[in-house]
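Have a look at it first, then follow the questions.

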Amino acid sequence: MEFSKSNPVVYDQKGGEESTFQRTSSNEGDIEEVGNLHRSLNNRQVQWIAIGGSIGTALFVSIAWGLTAGGPGSLFLAFFFYSCVIGSINSGIAEMTVFMPVSGSFLRYAGVWVDEAFGFMAGWNFFLYEAILIPFEISALCLVLQFWRDDIPVWAVCLGCIVLYGLINAFAVGWYGEAEFWLSSGKVILILILFSFTFITMVGGNPQHDAYGFRYWKTPGAFAESVTTGSLGKFQGFLGSLWVAAWTVCGPEYIAMISAEAVYPRVTIKQAFKTVYWRFGFFFILGALCVGILVPYNDETLLNVLDTQGTATGAASPYIIAMQNLGVGGLPHLVNALLVTSIFSAGNTYCYMATRSLYSLSLQRQAPKFLRRTSKSGIPWLCFGITMVFPFLSFLQVSANSAQAIKWLINLVTASQVLNYVIMGTTYIFFFRALKAQGIDRRTLPYRGWCQPYVNIFGLIFVSIIVVVQGYSVFLPGNWDVGTFFTYYTMIFVCILLFGFWKIFKKTKFVRPEEADLVWEKPAIDAYEASIDPPLGLWEDIWVSTLEVLRIKKRSVHHV
């Protein structure tokens with residue numbers, strides 16, 4: 001069947017039914033739907049979500065654990081190495097997502113190209129991880145606000161976050177995209193401020209006129225010892241920094257998950273994935289370098305805050321501690337204010353991701369069918385309603401005793417993030433084999449990862465090692481602790497049980513390469529992209545949006 005731009009044919013994702021939609025500009029805010037979700041995220045929003053969506057408080061605060069564990073040298077090397085590992089995984093997930101930008105992305109690829117049981121495991125692992133992170137971020141926000149005063153009602157902060165998350169995510173995906181555009185802008189501004197602060201102060205631009213440079217790399221040294229002493233202790237210090245990097249460095253999964261709601265995904269999502277490499281270098285690797293320059297790994301203030309408060313408050317940020325050590329006033333308050341927006345943005349992103357992952361499970365018949373229902377604006381409102389139950393767990397923070405329950409929950413899903421990359425890497429191997437078995441030349445794909453499948457295998461090997469070995473210290477003599485053991489390994493056991501349950505219950509089989517469905521929703525996506533104009537470039541899109549805002553303000557003033 002043929003289609004033209006004036007009257008394209010689209011295949012509904014649920015049953016192959018034909019439908020027709022009008023020609024639409026991909027720069028408009030209301031884009032026709034493919035399936036039930038609407039492609040309403042424009043290029044500007046997609047690129048900014050890619051740049052700032054994965055940057056959370058870990059880069060500004062929790063990174064302190066990596067510094068104290070291994071020292072500045074280990075921290076820098078750990079972030080550099082892990083960024084290379086996730087960059088390798090990114091190359092594979094980018095190829096799959098740009099080729100088939102469907103709802104649920106890699107969660108559904110796992111079920112369609114690997115094994116239904118593998119997809120079931122992937123979907124529920126991701127949903128539980130994202131959903132449980134929402135109350136954790138709200139709780140962190142309550143604690144960061146205590147930087148200014150400790151009498152702010154916790155219940156009011158929790159309720160305010162829940163209401164705002166509801167308003168942003170309940171009506172249209174464009175609201176989420178616009179909110180994340182501005183919140184991500186705040187993160188980028190914060191990073192630029194902190195990097196500038198590091199450079200200016202290290203060359204002597206501080207109240208003490210102390211050009212300290214790389215002093216702390218010499219005294220107390222670049223590499224700290226951990227667990228034991230000597231070379232082995234320094235290597236274990238590096239591993240401690242590497243585990244922090246594994247918690248901090250992320251991003252490809254979030255780009256993949258928005259692909260079903262992005263305009264012209266084979267252009268916008270492709271560009272977003274390409275930014276991952278320089279973003280890892282600029283934000284994460286350079287961020288690790290700056291932290292190692294500003295504060296020694298044995299700083300008394302840092303160690304005291306970590307021992308008494310952990311990294312739940314802005315006071316544990318190496319940047320804020322460095323500002324206080326140097327006598328820089330005012331700036332810590334600005335940094336803490338931007339930290340508040342970063343934490344709020346992280347919680348907002350987790351709401352979106354949890355909702356879409358539950359929706360994708362329903363599409364794959366691995367969650368109740370009624371969860372497929374969407375609003376007129378393309379929001380899976382029943383999935384959203386279930387997701388919004390989780391933020392109410394943040395009210396446990398009101399009670400000091402109950403607050404421990406949130407920490408316990410987040411500890412249980414710690415391994416989930418790295419498991420996501422194991423799932424992506426494994427899925428790509430099956431995808432690559434299917435392309436080869438079905439005679440599809442990878443050079444015809446809209447995006448082709450470099451040196452595949454070897455780059456992906458490199459990433460897969462190391463994320464697999466990390467997810468298994470990251471809790472090694474608990475097995476050392478005298479270090480056994482049940483709570484720590486479950487922190488590192490609970491989700492591994494949960495994923496094995498999820499996979500085994502669906503495998504036995506549904507009697508599923510691994511997908512043979514020659515039988516993998518590489519057509520799937522491709523006709524609908526091809527027809528959609530053929531029916532619209534290509535998207536504006538990033539800076540052109542930002543300029544046009546700015547002009548539209550100025551026109552609205554001008555009209556409002558004229559009306560008054």
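Q: In which helix is Pro220 found?
A: This is a predicted model, and in it Pro220 is found in helix 7, residues 215–221.

Q: What makes the peptide bond from Thr219 to Pro220 stand out?
A: That bond is cis, with omega near 10°. Most peptide bonds are trans. Another cis bond joins Gln452 and Pro453, with omega about 5°. Pro453 sits in the loop between helix 16 (416–437) and helix 17 (454–469).

Q: Why is Gln366 called buried?
A: Buried means under 20% relative accessible area. Gln366 has 8%, so Gln366 counts as buried.

Q: What does Gln366 touch, leaving out residues up to four places away in sequence?
A: Its contacts are Glu116, Gly119, Phe120, Trp124, Leu361 and Trp502. Gln366 itself belongs to the loop between helix 13 (331–363) and helix 14 (381–387).

Q: How do you know that the side chain of Gln366 makes a polar contact with the backbone oxygen of Glu116?
A: The cut-off for such a pair of atoms is 3.5 Å. Here the side chain of Gln366 reaches that oxygen at 2.9 Å, so the pair is within the limit.

Q: What is the phi of Val227?
A: Phi is near 70°, a positive value in a residue other than glycine. Most residues other than glycine have a negative phi. Trp520 also has a positive phi, near 45°, and lies in the loop between helix 18 (482–506) and helix 19 (522–530).

Methods
Residues are numbered from 1 along each chain as its sequence is written. This is a predicted model: local features need pLDDT of at least 70, side-chain atom pairs count only at pLDDT 80 or more; totals for chains, interfaces and linings use all residues. Side-chain values use heavy atoms; hydrogens and water are left out. Helices (H or I, at least four residues) and strands (E, at least two) are DSSP runs, numbered from the N terminus. Buried means under 20% relative accessible area, exposed over 50%, partly exposed in between (1.4 Å probe, protein chains only). A polar contact is a pair of N or O atoms within 3.5 Å; within protein, one must be able to donate a hydrogen and the other to accept it, and residues adjacent in sequence count only if both atoms are side-chain atoms. Contact means heavy atoms within 4.5 Å.
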